[in-house]
Structures are given as structure tokens and as C-alpha cells.
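Please keep the sequence and the 3D view open while reading.

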Amino acid sequence: MKNEPRKSDSLVVPAKLLNKTASKTDEVAEGAEGRGLVAGNLSQQNTGRTQSREGTVHSALERVREVAKKDKRIRFTALMHHIYDGERLRQADEELKRDASPGIDGETWRHYGERLEENLQDLSSRLRRGAYRAKPVRRMYITKEDGRQRPLGVPALEDKIVQRATIEVLNAIYETDFLGFSYGFRPGRSQHRCLDALYVGLLTKKVNWVLDADIRGFFDRLNHEWLVKFVEHRIADPRVVRLVQKWLRAGVLEEGKWLSQEEGTPQGGSASPLLANLYLHYVLDLWIHRWRRTQANGEAIVVRWADDFVVGFENQSEAEQCLFELKERFRKFGLELHPEKTRLIEFGRYAAQNRERRGLGSPETFNFLGFTHICATRRKTGKFTVWRKTIKKRFRAKLQGIRAELRKRKHESIPEGRKWLSAVLVGHFRYYGVPDNSRTLRAFRQQVVRHWYRTLRRRSQKTRLTWNRMARLANSLPPAILYHSYPSWAVRV
């Protein structure tokens, strides 16, 4: 019959009730651990037609988003047509960085764009027919602040396009599932919103102990089998699942040799942040959200940015118990807390008094998203507050990078050097310009001026550059100002 919906046009498949007595959040957690992943029975379900191809790319996902938000147990069976949609692929191409490094095929954005429509039509056709093949990522390394090398994966350009289009579709579903204290690489959520949430939680909740956690080699340890199970908990379209598996199995190309990856996902691809968030959503977020509601007697706060997270506790015994159980939880899913970088410290409103009573020093500090968090009191009111200062290693590493770049630009004209330094300073101030960090910002600016002065004097042995003239040049650079105000109390922790 003409009006009978095709099986492939079904938009969603309701999953069976995982645990009728548990809450929806617990159901998702239990299902993700392999106790409730059901394929569904099409003959017993009310199938619906996929949304019409008419309308904008944005509106095409509205129905998916609405259904996902309405029922957390529904599994989507027809999503692939949203991914190979020509307009969505074109939009994904436009969002790529123009000067990004090419993958193993050497294809650049500009060269690909010379025959953009033809290339995108061919890519769409291959996705529709299942003929699309993911290429290995090109591995490169960047130096971290501690001198170690961080591996990055550079996907081929078409893989970037497909990943970006796929992530947009999947975000319509998972953004309705992810919890409020998860901030990393999510639409409309920035690092400063994450920092503000932590700041508000430390000041308004009864936090006396802080777990500063670090996951050892997180992106290199993602278990592919578990990750696919997590994807299948919401995605019942086998074509989309195979798409994710193709990226996981593509491997890496390093020094001309292809290396298979049995676990992990390369950092650098568009899909990696979402896959990482998805993994930790089921492994960490749902678990710790349930733990603090069912096992904690005191208050507890959680803030997570990608694989970096901080948990605050009211009671020390509960903090120690949570840390013990968290280690066991991670071990089950192939993860491990770094034994040297994971610390449980006394931190909060009464930390200074309690430590002084026991004959200990000042409360310990912890680092999060580039800032050192310090227990402090307001001078005028004497009330407890948290100072956020630029991490010293970040401070020194940034200055060293500027100094090295100034040497390369030694023979540029002063206006060109001033333009570059102005952009660097503004970028630094926009990120680190938070309340109580103004002194560090001024010190950073002074050091930049000093390095610039020394570089200009080295351009010639007969230089006439004096400090008075340098002061005029320094005044032309952006001032050290705060770009961020104190956060509102209405943030999720």
C-alpha cells in the first residue's frame, strides 16, 4: 500500500523498560552496562515516517531533538539520511578550518572546494550506498607544557566533513541526555561557564574536601567494544553505528607505517570530543550523579570538562569512599585514575581553620582549566572566597613561546610586531581575565614588554631604543583588563 510506512523510514524504536522501579537516569546507566540493550520488535512498535526533506537543515533535526528529549529510552532507527544530506555536508565543509593540516591524502580545503558540488555529491552517494571508507589518520605530536609529547590525529578532509555532519545529527540526541555538570566541547558551553560553575559550587555548597582527578591516557584507552554499546543504547540505525566503527578501526599512519588501534580514539578529529563525552556520560556522569543522590549524606558537587573533572564533598569519609568506588568503576571500563595526579585535598570554607587547629599549613591548591584555585578571604568583609590565578607553568610556558616567536620576528617592522603582540595579549586576557587575577595579568604584560624591548635592542648594535621610547611603545599595547565578571549563582553543579 502506498501509505504504508517503509521499515527504513521509521524514525524511532521505543526500547523496553529497563527497570520499572528505577528512575530514568538509572535505567540509562544500567542499560549502558549491557543489561538493557534491546534491538526492539518492529511488529510491536508504532513507527513513524521520517521528517520531510523539505525545509532547512536546522529544522530537519528538530523532530529528532524533540523525540529524544521526550523519551530517554527511545532508540533511533533512521538517521543516515540526515548525514548524507547534501546541504548538511556543504555546511560541514564550510565549518572546517581553511588552513588546517591535510590528512594522509594531502587534500586541502581550497583544492577540494574547486569542485565542491561534484565532490560533495560523490561523497553523499558513497555514504548512501555504504561505499564510504574512512582513511587512517595522520599522527603528529605537539609538545606539552611538561615537555612530553601529545599525539594528535589529523583525519583526511572527507573524513572531517562526514564526522562533522554526523556529530551535528548525534548532538540533536545526546544534548538532551548529557547532564548539566558536563561542559566540555558541547554547543553553547564554554570553559568559563565550567569555571563559573565550579566557583559557585565551592562558595555556595558545603564543600570541605575536593577530589582533583586526572584520568591517565583517557583518549588512548577508550574501549571500542564498550563505546559501540554506548552508541547502540540510543542509535539503532546500523549504518550510523558502522560509520562510527569505521573511524575507530581506520588506524593511524605514523612515519609511513599503518598502525591498528584496538582501543582509543585519536585526538584532533571532530568525532573524538563527542565520543569521549559519550563514554564518560555512561561511565562517570550517570554513576556519580546516582551516587551523590543515593549514597552521599552530605552535599556534593561535580564539574567536568572532557576528561578533566573536579568533585567536591562535605564529608571526608564520603570523599574517600567515592574515590575508592570510582577507581573500581573505571577499572571495569578500561580506565584508570592517575595515581600521582589524582589528589583528595582539604579545601573549602573551613579548610584554613581546621588545618590551623591541627597544626598544618595553608590549604592545598588545585589546578583546573588553566587556573590554580586557592582558598582565600575578602579583605573588606573577611568572607571566604576562591582566588583563581593563572597556573605558573602556563604563565612561564606562554612567555617562553612569545620570546621564541619574537626572535623569529626580530627584523619585522615595529608596527607589525605591535599588531602581533596586541593579538596575543588580547587572546591571553580574554581567557585569563577573571576576577582576582588582575595582578598576574599585569605581570604577564610587563614581561611581554620586557621581551619585546630586548628583542628590539638586539636588532642592531647601534640601537637608540631607550626605556622612555619603549614606554611609549608599551602604552600602545592593550591594557591588562578583566574580560569576565563574577559568575551568577544560577549555574549547574
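Helices here are DSSP runs of H or I with at least four residues, and they are numbered from the N terminus. With that numbering, helix 13 is the element that gives the most to the lining of the largest cavity, namely 3 residues. The model is a predicted one, and the points below are grouped by topic.

**Cavities**

- A search of the whole structure finds 5 cavities of 30 Å³ or more, and the largest cavity holds about 160 Å³ of space.
- This largest cavity is lined by 20 residues, of which Val-137, Gln-163, Trp-247, Thr-265 and Pro-266 are the closest to its centre.
- Two or more residues of the lining come from each of strand 4 (149–154), helix 8 (157–174), helix 12 (238–249) and helix 13 (271–294).

**Salt bridges**

- The structure holds 25 salt bridges, and one of them joins the side chains of Arg-65 and Glu-62, with N and O 2.7 Å apart.
- Because Arg-65 and Glu-62 are 3 residues apart in helix 3 (residues 62–70), about one helical turn separates them.
- Arg-65 counts as partly exposed at 29% relative accessibility, and Glu-62 counts as partly exposed at 25%.
- Arg-239 and Asp-237 also meet in a salt bridge, at 3.2 Å from N to O; Arg-239 is partly exposed at 29% relative accessibility, whereas Asp-237 is buried, with a relative accessible area of 1%.
- Glu-346 forms a salt bridge with Arg-358, and their closest N and O atoms are 2.4 Å apart.
- That pair links distant parts of the chain, since Glu-346 is in strand 10 (residues 343–346) and Arg-358 is in the loop between helix 15 (351–357) and strand 11 (366–368), 12 residues apart.
- Glu-346 is buried, with a relative accessible area of 6%, while Arg-358 is partly exposed, with 46%.

**A buried residue without a salt bridge**

- Glu-318, which lies in helix 14 (residues 316–332), is buried yet has no salt bridge, and the nearest side chain of opposite charge, that of Arg-292, is 11 Å away.
- Leaving aside neighbours within four places in sequence, Glu-318 is in contact with Trp-291, Gln-295, Ala-296, Asn-297, Gly-298 and Phe-313.

**Asn-171**

- Asn-171 is found in helix 8 and counts as buried because its relative accessibility is 17%, where the cut-off for buried is under 20%.
- Not counting residues up to four places away in sequence, Asn-171 touches Pro-187 and Leu-274.

How values were computed: Residues numbered from 1 in each chain as written. Predicted model: local features only at pLDDT ≥ 70, side-chain atom pairs only at ≥ 80, totals over all residues. Heavy atoms only, no water. Buried < 20%, exposed > 50% of the residue type's maximum accessible area, 1.4 Å probe, protein only. Lys, Arg positive; Asp, Glu negative; His and termini not counted. Salt bridge = Lys/Arg side-chain N within 4 Å of Asp/Glu carboxyl O. Contact = heavy atoms within 4.5 Å. 1 Å grid on protein atoms, 1.4 Å probe; cavity = no way out; pocket = protein on both sides within 12 Å on 5 of 7 lines; lining within 4 Å. Points joined across faces, edges and corners; volume = space filled by probe spheres on them.
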